[in-house]
Amino acid sequence: MFLGKTLKVSVYRYNPEKDQAPYLQDFTVEINGKDMMVLDVLNLIKEQDTSLAYRRSCREGVCGSDGMNMAGKNGLACITPISQAIRDNKLVIHPLPGLPVIRDLVVDMNQFYTQYEKVKPWLQNDQPAPAIERLQTPEQREKLDELYECILCACCSSGCPSFWWNPDKFLGPAALLQAYRFLSDSRDTHTAERLAALDDPFSLFRCRGIMNCTHVCPKGLNPARAIGHIRTMLFDRGV
Amino acid sequence: MVINITNFARSGLYDWMAQRVSAVVIAAYSLFLMGYLFFGATPDYAAWHALFSQTWMRIFSLLALISIAVHAWVGMWTITTDYLTTRLLGPKGTALRFGAQVVCGILNFVVFVWGVQVIWGF
């Protein structure tokens with residue numbers, strides 16, 4: 001893609017203390033043909049308008065702070081090159097959809113964390129603790145790959161229509177990925193209780209297989225597949 | 001665990017299984033009827049009557065009717081709980097959702113009884 005000297009950017013703005021309604025504000029940013037990351041563009045805009053609010057921290061796709069919607073697709077601004085996010089020579093940036101906006105690109109993540117907490121994302125083991133540590137074979141450990149790497153950026157859950165409609169009842173792909181992470185952990189002894197807590201019509205089964213979660217995950221994880229695995233575990237026990 | 005009293009079985013797994021099994025039955029019945037119409041005997045009254053007089057066809061049709069009722073209920077229940085909610089519609093959401101579920105349930109029942117009458121009255 002050819003990148004010019006300048007780039008047009010539309011950014012979602014909303015300050016509930018003074019704005020009646022959200023609006024898109026246009027900026028022109030000097031990029032000098034460089035395929036920089038979207039976060040770099042936001043930093044340049046921040047130099048023009050210091051009132052712009054967004055979250056950022058590690059700037060290398062590890063902390064999960066700068067999840068946002070770029071050209072209609074959720075992702076992390078720090079690892080999304082503008083060449084992938086420009087449509088019709090313009091970069092359009094919205095906050096993560098489906099979550100309440102606190103200000104500009106900053107969203108309220110409370111509902112997301114509440115659902116995460118419901119799956120009890122910690123190891124539960126009733127057996128007496130061994131003297132040193134609970135061992136796993138390399139094969140048992142391998143089952144946690146592509147599950148434990150989640151950074152809770154909320155790109156998946158906030159991209160899921162089932163989560164938009166029922167964010168208090170449907171756990172959402174991020175929480176369900178972690179539910180499966182502990183269901184597949186050989187050291188966890190609460191598999192039956194964990195599964196029982198998911199067998200209602202909403203918590204897990206409100207997933208309709210839309211697959212937005214897998215499409216947008218910046219870490220390349222597959223929550224839809226994890227949800228399918230949990231369904232299979234429930235089915236194995238239920239028939 | 002989210003408590004619900006108006007879905008098919010109170011269990012997400014049961015609803016999920018019922019929706020998939022009923023979908024397979026509906027697909028099999030539709031394919032059979034289409035195959036019969038395209039490749040079978042001329043679908044005049046006598047042939048149609050002969051087909052629907054057979055016990056296996058009545059069982060198959062009744063199974064398809066039950067499957068439609070189950071499939072439609074799970075689907076419509078899901079739609080009402082997605083879109084007709086207090087979250088989206090305010091305080092009147094619950095009344096609208098329950099009302100829509102009652103209408104869907106009655107329609108489902110009417111279609112089922114009417115279908116049985118048609119199959120058995122042929």
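Figure 1. The model shown here, and in every view below, is predicted.

**Figure 2. The buried residues of H9(A) line one face of the helix.** Six names make up the buried set: Pro223(A), Ala224(A), Ala226(A), Ile227(A), Ile230(A) and Leu234(A). Look down the axis of H9(A): these buried residues fall within an arc of 160 degrees, so they line one face. The face turned away from that buried side carries exposed residues. They are Thr232(A), Phe235(A) and Asp236(A).

**Figure 3. Chain A meets chain B through 14 residues of chain A and 12 residues of chain B.** Helix H9 (residues 223-238) of chain A supplies the largest share of the chain A side, with four residues. By class, the side of chain A that touches chain B has eight nonpolar, two polar and four charged residues.

**Figure 4. Chain A is divided into two parts, domain 1 (6-107) and domain 2 (110-238).** The C-alpha centres of the two domains of chain A lie 29 Å apart. Where they touch, 14 residues of domain 1 of chain A are in contact with 14 residues of domain 2 of chain A. On the domain 1 side, strand E4 (residues 73-76) of chain A gives the most, with four residues. That side of domain 1 has seven nonpolar, six polar and one charged residues.

**Figure 5. Chain A contains nine helices and eight strands.** This view sets the earlier close-ups in context. The C-alpha trace of chain A spans about 60 × 40 × 30 Å along its principal axes. Chain A has 239 residues, and 38% of them count as buried. Consider the contacts in chain A with a separation of 6 or more: residues 24 or more positions apart account for 68% of them.

Note on methods: Residues numbered from 1 in each chain as written. Chains lettered and ligands numbered in written order. Predicted model: local features only at pLDDT ≥ 70, side-chain atom pairs only at ≥ 80, totals over all residues. Contact = placed C-beta atoms within 7 Å. Helix = DSSP H or I, 4+ residues; strand = E, 2+ residues; numbered from the N terminus. Nonpolar A, V, L, I, M, F, W, Y, C, P; charged D, E, K, R; others polar. Buried ≥ 20, exposed ≤ 12 C-beta atoms within 10 Å, placed from the backbone. Arc of directions from axis to C-beta. Domains from an automatic or database assignment.
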